[in-house]
Amino acid sequence: MSREQLYLILGMAVVTYLPRMLPMLLLSNREIPPKFVKWMSFIPVSIFSALICSDIFFWQGAFSINPVMNLKLLPAVLVLFVAYWTKNIMWSILFGVAGISLMVSLF
């Protein structure tokens with residue numbers, strides 16, 4: 001490993017560590033407003049939804065909401081129903097994987 005690679009790894013470690021550690025140090029003794037805490041609780045769901053929705057609605061490089069052309073739409077709807085009724089992420093993942101596998105093997 002060269003010296004430049006070592007500096008690069010150390011720099012990336014510092015840049016990755018600081019954004020996580022600084023808010024904890026600055027906000028550890030302060031009371032956070034409940035509205036802000038509630039707002040922060042929606043961030044993971046929002047990020048996950050943005051990642052999933054962009055993958056579901058784009059099929060073969062183009063936007064598609066036609067369930068005949070886009071094989072991901074029907075399993076996604078199935079997963080929505082399973083997630084709503086069971087409130088269990090494992091069942092949702094299993095139904096999603098099974099749905100995608102079934103659609104890809106059939107078409």
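Of the residues that line the largest pocket, 18 are nonpolar, three are polar and two are charged. In this count Ala, Val, Leu, Ile, Met, Phe, Trp, Tyr, Cys and Pro are nonpolar, Asp, Glu, Lys and Arg are charged, and the others, Gly among them, are polar. The model is a predicted one, in which local features need pLDDT of at least 70 and side-chain atom pairs count only at pLDDT 80 or more, while totals for chains, interfaces and linings use all residues. Residues are numbered from 1 along each chain as its sequence is written, and side-chain values use heavy atoms, with hydrogens and water left out.

The largest pocket holds about 750 Å³ of space. A pocket is found on a 1 Å grid over the protein atoms alone: a 1.4 Å probe fits at its points, the set is open, and protein lies on both sides within 12 Å along at least five of seven lines; lining residues have an atom within 4 Å of a point. Grid points are joined across faces, edges and corners, and the volume is the space filled by probe spheres set on the points. There are 23 lining residues, and Phe 48, Ile 52, Ile 56, Ala 76 and Val 79 lie nearest the centre of the pocket. Two or more lining residues come from each of α3 (43-57), α4 (73-86) and α5 (89-106). The most come from α3, which gives nine. Helices are DSSP runs of H or I with at least four residues, strands are runs of E with at least two, and both are numbered from the N terminus.

The chain as a whole can be described next. Its domain assignment gives domain 1 (1-30) and domain 2 (34-106), with bounds from an automatic or database assignment. The centres of these domains, taken over C-alpha atoms, are 33 Å apart. An unreviewed UniProt entry annotates residues 6-27, 39-59, 65-84 and 89-106 as "transmembrane region"; UniProt positions follow the numbering used here, feature names are shortened, and annotations may be inferred rather than shown by experiment. Residues 6-27 are 100% helix and 0% strand, with end C-alpha atoms 32 Å apart. Residues 89-106 are also 100% helix and 0% strand, and their end C-alpha atoms lie 25 Å apart.

Leu 26 belongs to helix α1 (residues 3-27). Its relative accessible area is 60%, so Leu 26 is exposed (buried means under 20%, exposed over 50%, partly exposed in between, with a 1.4 Å probe and protein chains only). Leu 26 and Asn 70 are 44 residues apart along the chain, and 47 Å separate their C-alpha atoms.

The structure also holds five aromatic pairs. Rings of Phe, Tyr and Trp (its six-membered ring) pair if their centres lie within 6.5 Å; planes under 30 degrees apart are stacked, over 60 edge-to-face, and the rest tilted. Phe 58 and Phe 63 make an edge-to-face pair, 5.8 Å centre to centre with 70° between the planes. Phe 58 is partly exposed at 43% relative accessible area, and Phe 63 is exposed at 53%. The pair of Trp 91 and Phe 95 is tilted, because the ring centres are 6.2 Å apart and the planes stand at 50°. These two residues are four apart in helix α5, so about one helical turn separates Trp 91 from Phe 95. Phe 57, Phe 58 and Phe 63 form one aromatic cluster.

Lys 87 sits in the loop between α4 and α5. Lys 87 is not a glycine, yet has a positive phi of about 55°.
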